[in-house]
Amino acid sequence: FEKAAAMMETDYHDSGMLITCYKATGDEAALKRVAELTLARAEKAVAQDPSNGSALGWGATSHAVLGHRESAKEWSHRAMLMDPDNWALGYNLACTLTNYLGDHDGALELLGPLMDSVSPTQLKHCNADPDIDPLRDDPRFIAMTTAAERRLAASSQTQPD
């Protein structure tokens, strides 16, 4: 991701993916550096296209990493207004709310509707994703994932071979 982010000055996605990498490795200096880089790139993209949900989402995550709590929530809200049906965007914003803002209620609020349309692959990812670990024991999370598992199991039984 470092190489990809360095190749194009407007690439907020690959620099944003570095946020996840450096969070996982615990490299706080690199985490802050890539959050600042991603935010600057996302701000430029949003200035050119205020409806860019992806840029708003990465901007929200960057704000959260940098401790800009209110800006992170504002950008998250704007991202979901621009792209309400984007499953990956909502999921990633829920991860941001959980891990950087400690807003488990907000994360579960975002995840609820997503679980109503989750695919088997997305649910498998959610079940393995360490970003979701802080929510795993919450009865609301357990209920939504259990309902999704039942829906998917019922759906697979009704589909022809």
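## Walking through the helices

In this predicted model, helices α5 and α6 run roughly antiparallel to each other, because their axes cross at roughly 165 degrees and anything over 145 counts as roughly antiparallel. Those axes come within 10 Å, and the crossing is left-handed. If you want to find where the pair touches, look at Ser76, Ala79 and Met80 on the α5 side, which meet Leu89, Gly90 and Leu93 of α6. Sorted by class, that contact has four nonpolar and two polar residues, with no charged ones.

Now step back to α5 and look at α4. The axes of α4 and α5 lie 8 Å apart, at an angle of about 165 degrees, so these two helices are also roughly antiparallel to each other. Here, too, the crossing is left-handed. On the α4 side you'll find Gly53, Ala55, Leu56, Gly57, Gly59, Ala60, His63 and Ala64; they meet Ser71, Ala72, Trp75, Ser76, Arg78, Ala79 and Met82 of α5. By class, the α4 and α5 contact is made of eight nonpolar residues, six polar ones and one charged one.

Next, the inside of the fold. In soluble globular proteins, nonpolar side chains tend to be buried together. In this model, the largest nonpolar core has 36 residues, and Tyr91, Leu111, Ile132 and Phe141 have the most contacts inside it. Two or more of its residues come from each of α3 (28–48), α4 (53–65), α5 (69–82), α6 (87–100), α7 (104–115), α8 (120–128) and α9 (139–158). The top contributor is α6, which gives seven residues.

Leaving aside neighbours within four places in sequence, Leu111 is in contact with Tyr91, Ala94, Ile132, Leu135, Phe141 and Met144.

Finally, have a look at Glu109, found in helix α7. Is Glu109 buried or exposed? Its relative accessibility is 64%, so Glu109 counts as exposed, the cut-off being over 50%. The C-alpha atom of Glu109 is separated by 9.6 Å from that of Arg140, a residue 31 places away along the chain.

Key: Residues numbered from 1 in each chain as written. Predicted model: local features only at pLDDT ≥ 70, side-chain atom pairs only at ≥ 80, totals over all residues. Heavy atoms only, no water. Core = buried A, V, L, I, M, F, W, Y, C linked by side-chain atoms within 4.5 Å. Buried < 20%, exposed > 50% of the residue type's maximum accessible area, 1.4 Å probe, protein only. Helix = DSSP H or I, 4+ residues; strand = E, 2+ residues; numbered from the N terminus. Contact = heavy atoms within 4.5 Å. Axes fitted to C-alpha atoms, helices over the stretch in contact; angles between N-to-C directions. Parallel < 35°, antiparallel > 145°, perpendicular 65-115°, else oblique. Left-handed = near helix turned anticlockwise from the far one by under 90°. Nonpolar A, V, L, I, M, F, W, Y, C, P; charged D, E, K, R; others polar.
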